[in-house]
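Biologist: Please take a close look at a single part of this model and describe the surroundings of its residues. Give the cut-offs as you go.

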Amino acid sequence: KTKILHIANKDDNKLFNIAFHTPAKNDTGVFHIIEHSVLSGSRKYKSQDPFIDLYSSSVNTFMNAMTTMDITMYPFATRNEKDFYNLLDMYLDAVFFPVMYERKNIFYREGWHYEINSREEELKYTGVVYNEMKGLLSDRVAKLSYQAFKTHYINHSYSFNSGGEPASIPNLTYEDFLSTHKEHYHPSNSLIFLYGDIDIENVLKCIDEEYLSKFEEKVINL
């Protein structure tokens with residue numbers, strides 16, 4: 001069952017966050033790549049980047065997505081009620097019904113692919129997450145931090161780089177990418193957090209009728 005926490009108060013800055021338990025099992029950065037990919041189009045929102053589309057038209061006070069060592073979360077906040085429901089629908093459609101199952105190129109773009117621009121060039125790896133982590137790990141402090149976790153958390157999910165190690169990211173296959181999403185992005189593996197002055201009964205009705213009721217409850221063993 002989905003766990004839902006609501007902190008009711010008179011704050012007009014309404015907050016929503018859905019989080020999934022996503023402990024890393026290797027250094028491929030699969031959860032980081034999934035985080036990017038689910039925001040690249042969904043069942044209702046077909047554009048290549050609905051996240052950016054809504055970001056520019058929304059009056060949100062906060063809007064993001066992030067991958068940590070064992071949690072992936074999708075939070076937003078807004079003072080406008082209409083905007084709240086628009087963002088709520090976009091976020092839930094993205095995480096539960098992404099079009100990456102039909103558009104394989106999303107995985108290649110956000111994760112990794114081969115690139116060569118001329119016969120004289122060497123074949124190289126590229127991709128949004130691949131390049132992001134390559135840049136991050138060029139920083140000595142960041143690299144030392146990740147190495148410290150590998151040393152202190154042997155045989156634990158924290159020993160892996162949830163963002164992805166550039167040398168390991170190309171080991172991730174499209175099939176493993178999809179199966180990981182299917183296993184972890186399920187209501188039974190989620191926590192929904194709501195805060196602020198919202199009509200909680202109506203919000204819960206929207207969440208259940210449009211999304212949660214589309215799934216069967218299952219036991220998650222991670």
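Modeller: A polar contact is a pair of N or O atoms within 3.5 Å; within protein, one must be able to donate a hydrogen and the other to accept it, and residues adjacent in sequence count only if both atoms are side-chain atoms. The model is predicted: local features need pLDDT of at least 70, side-chain atom pairs count only at pLDDT 80 or more, and totals for chains, interfaces and linings use all residues. Residues are numbered from 1 along each chain as its sequence is written, and side-chain values use heavy atoms, with hydrogens and water left out.

Ser162 sits in the loop between α6 (140-152) and α7 (174-184); helices are DSSP runs of H or I, at least four residues, numbered from the N terminus. Its relative accessibility is 10%, so Ser162 counts as buried, a term for under 20% relative accessible area with a 1.4 Å probe, protein chains only. A polar atom of the Ser162 side chain lies 3.1 Å from the backbone oxygen of Thr68. Residues up to four places away in sequence aside, Ser162 touches Ala24, Gly29, His32, Thr67, Thr68 and Met69, where contact means heavy atoms within 4.5 Å.

Ser157 belongs to the loop between α6 and α7. Ser157 is buried because its relative accessible area is 18%. Neighbours within four places in sequence aside, Ser157 is in contact with Pro23 and Ala24.

As for α3, Asn80 caps its N-terminal end, with a side-chain oxygen 3.0 Å from the backbone nitrogen of Lys82. Of the 16 residues of α3, 13 are buried.

How values were computed
Helix = DSSP H or I, 4+ residues; strand = E, 2+ residues; numbered from the N terminus. Buried < 20%, exposed > 50% of the residue type's maximum accessible area, 1.4 Å probe, protein only.
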